[in-house]
Amino acid sequence: MSSTSTAAPADSAEAHGHGHDHHHDPTLAHHFDSHEQQFDAGKLGIWVFLVTEILFFSGLFCAYAIWRANHPEVFHYAHHYLDTKWGAINTVVLLVSSLTAAWAVRSAQLGDQKGLQRNLLITILCAFGFMGIKTIEYTAKYHHGTLPGANFHPHADSMILIEDGEFVGVAKDVARQELAAMYPDMPAEGELTAGQEEAVHLYSAKLVEQADPVPDSVPVFFSIYFFMTGLHGVHVVAGIFAIFWVYLRARRGEFTKKYFGAVDYVALYWHLVDLIWIYLFPLLYLIS
Amino acid sequence: MSDSHAHDDHGLAHTMSPQMLIGIWAALIALTGITVWTANMHLAPFDLVIAIVIATVKALLVALFFMHLLYDRPFNGLVFMLSFVFAGVFVAFAMFDTGRNQTAILARQDAAPIVEAWRADIAAGSTEAETEHLRGLIDGSIEASHGHGHGDGEHGDEAAH
Amino acid sequence: MSSTTTATPTTTQPHQSAPEENYLNCSSGFLSWFFTLDHKRIGIMYLVAIFAAFGLGGFFALALRTELAQAGQDIMDMNVYNQMFTLHGAIMVFLVIIPSIPAALGNFVLPIMLGAKDVAFPRLNLFSFHLYVVGAIFFVLTLMGGGLDTGWTFYTPYSTGHTDTMVTTAVLGAFILGFSSIFTGINFMVTIHKMRPQGMGFFNMPLFLWGMYATAVIQVLATPVLGITLLMLAIERNFGLGIFDPALGGDPVLFQHFFWFYSHPAVYIMILPGMAVISEIISVFSRKHIFGYKFIAISSIAIALFGFFVWGHHMFTSGQSTAMSTIFSAITFSVAVPSAIKIFNWMTTMYKGEIILKAPMVWALGFLWLFGIGGLTGLFLGTMNTDVYYHDTYFVVAHFHYVMVGGTLWAFFGGIYYWWPKITGKMYEEKPAIIASLVSLVGFNVLFFPQFFLGNMGMPRRYADYLPKYEFWHLVSTIGAYILLAGLLMVLWNLIRSLTSGGKAPQNPWGANTLEWHTPSPPPHTNFEADPPYAGDPYALDHWAWDPETQSYVHIAASEQELARVEGHDAL
Amino acid sequence: MLTHITAALASTLATVQDASQELTPGPHLFPDQASTTAAETDNVYLFIFWLCALAFVIIVAGTGYFVWKYRAREGHKAEKTATHDNVLEVTWTVIPTLLFGVMFWVGMKGYVGLKQAPADAYPIQVTAQKWNWKFTYPNGAESPELHVPVGRPVKLTMTSIDVLHSLFVPAFRVKQDVVPGRYTTLWFDAKDGVLKEGQDMVEYDLFCTEYCGEQHSAMITKVFVHEDESFAAWAEETANFIQNEPAYVAGQKQFLISGCNACHAVTDEAGTGPGLLQLSQLIKGGGSVDVTIGGAQQSVPADDNYLRESILNASAAIKVGYTNQMPLFQGQLSEEQLGVLMIYIKSLADENYRAESTLSQLEGGGEVEGTETDTDQGE
């Protein structure tokens, strides 16, 4: 094609062959001149794609920024419902997967098939781990009734108590302690009878009434939380499929030192997913 | 091509050394620890700034090394940067405007019916919470009314806090 | 075929007559089209799909105009009217104008202009076409399953809580079409960056490519925001997200920010490709090198970038803060400058030229006039206090139809006529083509110019019924609609005639020097029979001379590098 | 096409006058300049219009001339001219830029003027809902049309109880979206000139210009500009109509004020909502209505309670064959207003409700209640 016959000496050897032998090279698409052109095209392509991803998420970050700027009280109250521990663990999990993804690229570049497959596998496992933890968090939210927007109906037991602006704790736990203090029959920890359960529930409802009123539009915090983490989760799942696809190709030994674009591109995508989480974590979990 | 042939010397792309990979990764983990730690120090009003700064440092590490931007064609980096510029403009303009209109908007904040709804809901839950009733329930002299509206004890251990 | 073989008519002759294999006849069957990776076939499929969508949207338009011919509810009630103007807008914007030039003509021409065998990512290219089809299907479902009455802008809270029409389906459709557009953008951007032939730096590219590039930049940077906005809208509607709905403490004006951050740049997704086509046609049919190449090229990029900072001029009366409105108004005028620059450069290109009034040029001149009106009337809307008066009146309706239809659609038809011989290998009949263009021109102005008057009289848009005092101009407008219909039908008839009984098109009927004219019409499957020729100055029209024998232009001045090249090639 | 455009242009050029005069119906077809700010807007329009006319003539004449002068013909070849000329480029970059700068400036000055209401402006509350306007005046008067005193700045504080609307008075050259969940404001000053000799009132159109659903195009009403005394009198009378008029007559007014007529005919003709005559008859004859309550269809007695509920919260029981379109009137109607409204609807079929005595007579001119609940609309 075009550049070939007048190409710079560097790739003239390849250019010379053009039109004859590139059909023999299955790893070079017919419309490209050289592996370098093919790789660069793919690389620019994936970068531009990442750009669209950033702008895709920007809408959510915009919503977040506006709500946090205009209703900080909502965020200061509602972030207590999130579990920093899980958030931090997930961050680490993603960082590990990022490392292995980057390492997978290195292995591919060096033609180390075993290492490539190993790294890809670890990356996938981490991705599953991440989703697993997300599931735990989501289930908790579901049981507490802290769902987004119109579906936000928190149960008294699991509401956060704030008194004089100070974080007191989760209603259920506080209730149990106070009841235990008042009634000898109430065990401070361990199993509870159905009756004790109900007592705790009724008492937490009382506590919630006495605590500072919950700020308006708290439901929106959970809208934003679920939308941001949810969309990110969708990207993680997509990543799992992409990496698995690359893994299968790696097992078939399709990648060579000259042809490892797919690995690199998928890794770049995966790093972006990590990168977005790097911001989501402090923005949602670490509000003081 | 305008931006090509920058790296012919080392194959198709730059290769990261294991030391670098591990090093960067360790740095990222450390920064994660730091950001959690600072968050617990309640450095308001700087907490947000600090968190963002740390996050940005982490993002830079990932982009420059894990994503090879430092060694990649400059144009790819430029493209990537561009996305933040435009996202920034979008967020900034939108924030500036809504910020200016808050007074007008807040005038009606109390109109969020849902909040009202579940507040009433909860208040109802506690009406007959008299001491006697509680004691009865606890020592078992009163039967637990099964299927009360809000019970979710069995999931208590997942409580976010 | 490489241009050197055209050096003398004699060698051209047998070639012209020989039934050579080309991308059209190299394989056959529905699947060989629907799953092809060939950018040329994909372009044609887009063309067909877009024409179909245009027919549907046009039908709605006629129905609307007929209803409005006189005051009162004549042929449809208010609900039906609201659904029709909504679907007319949504279909014309998302299924017709946005993909028209880039997806259809761009797909066909762009790689050949680059002397490439295909776009950088042929599979992605096919995928965006399939996405387009799926998106279209969603729109049809919307149509079947209860319609849509939110207006194509989907403003909250009406769209989220106050209509029981198929908002979610429509929104998903637009979401999918958005991604179709994004992938096309990525593809073109990369293709232009990485697949330019040797000797074609950015500033040796044909201006059409500059336009496509600028368009791609917008598609890539703006469309994702449309995606997330529509997603938020769908979730807001179905799960009470609470960002846009005031009942949940949200802010409807924020939605307008989100929406216009995409939808204003989208206006330039629509018009930049049009300008790109015109830049080619004007130069070729004036037989002159384009004037002010660099300024036209840069102004495209300038429009693309400035276009991102002006969305707020759609919101001067929305409750947006005065400060923000002022900033937006100021930047808005900065976008007007590059457009002015283009117009002046095109006019100067015609100066002292040899102007050949063939169909493409007639459409191009129509573009200059109609886009002139469209652009100029935009000034009244960028100016703040006049916009307060005109916002959401028929003045706006007239303005953007002059830009979208008079601009983009005119350029689209100009482009279709210009590349028709290359695409189909058939010539069309010149006289009927020109008449069709002129009839459309008259019809268009009878249709939309009166709407400026209606705007001045304060007639609000999106009205199913109106006060009697507006009746006269509405009637005139409706008459114009039918004249325009006649014109467009003549165009269709003319093009079909050419397919059935058009003469064989020569390789280069217009004497243009961009690479697509250096290969047979229609091009072979791999675009060029041998390596494509050296890409010289795309506007060096004097390399071609009219040859009455073959009724086509032949290459007379093969440039130095080219000869060198060919010798080198033979040596191999 | 040239002929058409130039004709349209010519007709406009021909008869343009100084904008400070009224432009009605005039070459540009503007409505009266009925507000103090209208003239400025029109002047800005004219300024831009002339520049555009000039630019357009340059484009059409230029291209037209070139097409004719340089048309392809025997013995005419394209001349090789310069392919670029920076001086030219700079010229046609700078000149438009400067002109645009001026446009921006004058436009902004006008806009800022439109945004800053004078301190002494007469305040009116506007509540928009599908598909009617309600204007509430400081003395508690309410009306479906806008009544304003002449020659005095008026400030509208507007909000919507459902979707976006937009208040547009062409004659005043003002427009402002009405946004649910927040207050937007708009001011104008109906200038003295609009009242001709001997006139004490003049009317203009008022449109909704933000698409708001089925009857968007029916969300039209009038602005009445009164001469001072007649305005005062009108406001006084309107504030107390419930006291001073027979209940069913007052009810009829309330029916219009609350915009019931937008969806309900007082015959049996079905609109967006059912016609009310039949209901009135049912109530008189003690019949029953088929409704859907929470998805379940059932038949409820057509009595005062049903009528009351249907007005305050129609969604509770939707009449079979209709969709849930009716806005919530709970908390929007005082007991007096609701009372007369029900009497009016019942009077449609039942003569007995057409008593001529008025509340104030019954209460012995007792003081007006309910006006409080009237004024705290949407605060």
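The legends below describe close-up views of a predicted model.

Residues are numbered from 1 along each chain as its sequence is written, while chains are lettered from A and ligands numbered from 1 in the order in which they are written. Because the model is predicted, local features need pLDDT of at least 70 and side-chain atom pairs count only at pLDDT 80 or more, whereas totals for chains, interfaces and linings use all residues.

**View 1. Where chain A meets chain B.** The contact draws 86 residues from chain A and 73 residues from chain B, two residues being in contact if their C-beta atoms, placed from the backbone, lie within 7 Å. On chain A, the elements that each supply at least two residues to this side include helix 2 (35-70), helix 4 (84-110), strand 2 (166-170) and helix 8 (218-251); helices (H or I, at least four residues) and strands (E, at least two) are DSSP runs, numbered from the N terminus. Helix 2 of chain A gives the largest share, 19 residues. By type, the side of chain A that touches chain B holds 47 nonpolar, 22 polar and 17 charged residues, where Ala, Val, Leu, Ile, Met, Phe, Trp, Tyr, Cys and Pro count as nonpolar, Asp, Glu, Lys and Arg as charged, and the others, Gly among them, as polar.

View 2. Domain 1 of chain A covers 35-153 + 217-285 and domain 2 covers 163-210, with bounds that come from an automatic or database domain assignment. Their centres, taken over C-alpha atoms, are separated by 38 Å. The mean pLDDT of chain A (the predictor's confidence in each residue, from 0 to 100) is 85, and 92% of its residues reach 70 or more. Among the elements of chain A, helix 9 has the highest mean pLDDT (95) and helix 1 (residues 12-17) the lowest (38).

**View 3. The fold of chain C.** Chain C contains 17 helices and two strands, and its C-alpha atoms fill a box of roughly 80 × 45 × 45 Å along the principal axes. Of its 572 residues, 69% are buried, meaning that 20 or more other C-beta atoms, placed from the backbone, lie within 10 Å of the residue's own.

**View 4. The ends of chain C.** Although chain C averages a pLDDT of 90, with 94% of the residues scoring at least 70, pLDDT stays under 50 over residues 1-17, for which the model has 33 contacts beyond four places in sequence. Over residues 566-572 of chain C the pLDDT is likewise below 50, and this stretch has four contacts beyond near neighbours in sequence.

How values were computed: A residue is buried if 20 or more other C-beta atoms lie within 10 Å of its own, exposed if 12 or fewer, and partly exposed in between; C-beta atoms are placed from the backbone.
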